[in-house]
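Here is a short report for someone meeting this structure for the first time. Look over the sequence and the model, then read on.

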Amino acid sequence: MKKFFFIVLAGAFIGLPGVSCNNDKPVTTVEAVALPAFDLAKAKSEIEAANKIFMEALTKGDSVSLANLYTEDAKFMGPNAPAIVGRANIQSMMSGFIKGGVTKLELIATEVWGDENFISEEGVMTLSTTDGKPVDKGKYIVLWKKEAGQWKLHRDMYNSDLPLPAGK
């Protein structure tokens, strides 16, 4: 009986590869699902909409809404100062701007490029007080990152086009 069982078992192991190799049916493969192509024009309009929300929040004096436009680990890199790191610190810094009377901002994106993960935005900006007095004029670069389906400011850097005051 043992000999019979061994012969059947050996035949199964020897014959199994032959069966699988002689299968006339085509091998079924998993087909790749086509993802929608990245639409840079749509991303640019989303960035412009976020910039509009940013400008409106500053005008309203809403530092919480401003900070929520940034990623949790964002960096704000303004001129002549160390980087402000993290949403909570950015909120505090924005609150200081607002308390100082800086509540108007005009952002004009001049170039936007990137992919579905990161967008780079280059632009020009004008910063003014509540009464419309210009405080600064310059250029900026923002690296936007997609988080939870929304573009958020991940790295925000700007500098002034105005000359330094004499003696500085």
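## The cavity

The largest cavity has a volume of about 240 Å³. A search of the whole structure, which is a predicted model, finds one cavity of 30 Å³ or more. Its lining is made up of 18 residues. Closest to the centre are Phe54, Phe76, Leu105, Leu107 and Asp156.

Which elements give two or more residues to the lining of the largest cavity? Two helices do: α2 (40-60) and α4 (87-99). Four strands do as well: β3, β4, β5 and β6 (150-160).

By class, the lining of the largest cavity is made up of 15 nonpolar residues, one polar residue and two charged residues.

## The chain as a whole

The chain has four helices and six strands. Their order along the sequence is α-α-α-β-β-α-β-β-β-β.

How much of the chain is buried? Of its 168 residues, 29% are buried. The accessible surface of the chain is about 11500 Å². Carbon and sulfur atoms hold 62% of that surface.

Contacts also reach across the sequence. Take the contacts with a separation of 6 or more: 50% of them join residues 24 or more positions apart.

Now for the strands β3, β4 and β5. Strand β4 pairs with β3 and also with β5.

| Strand pair | Residues | Sense | Bridges |
|---|---|---|---|
| β3 and β4 | 102-114 and 118-129 | antiparallel | eleven bridges |
| β4 and β5 | 118-129 and 134-147 | antiparallel | eleven bridges |

What lies between the strands of each pair? β3 and β4 form a hairpin with three residues between them.

β3, β4 and β5 are among the elements that give two or more residues to its lining. Leu105 and Leu107, two of the residues closest to the cavity centre, have numbers that fall within β3, residues 102-114.

Notes: Residues are numbered from 1 along each chain as its sequence is written. This is a predicted model: local features need pLDDT of at least 70, side-chain atom pairs count only at pLDDT 80 or more; totals for chains, interfaces and linings use all residues. Side-chain values use heavy atoms; hydrogens and water are left out. Buried means under 20% relative accessible area, exposed over 50%, partly exposed in between (1.4 Å probe, protein chains only). Contact means heavy atoms within 4.5 Å. Accessible areas come from the Shrake-Rupley method with a 1.4 Å probe; for residues, only the protein chains shown count as cover. Two strands pair if DSSP finds at least two bridges between them. On a 1 Å grid over the protein atoms alone, a cavity is a set of points where a 1.4 Å probe fits but cannot get out, and a pocket is an open set with protein on both sides within 12 Å along at least five of seven lines; lining residues have an atom within 4 Å of a point. Grid points are joined across faces, edges and corners, and a volume is the space filled by probe spheres set on the points. Ala, Val, Leu, Ile, Met, Phe, Trp, Tyr, Cys and Pro count as nonpolar, Asp, Glu, Lys and Arg as charged, and the others, Gly among them, as polar.
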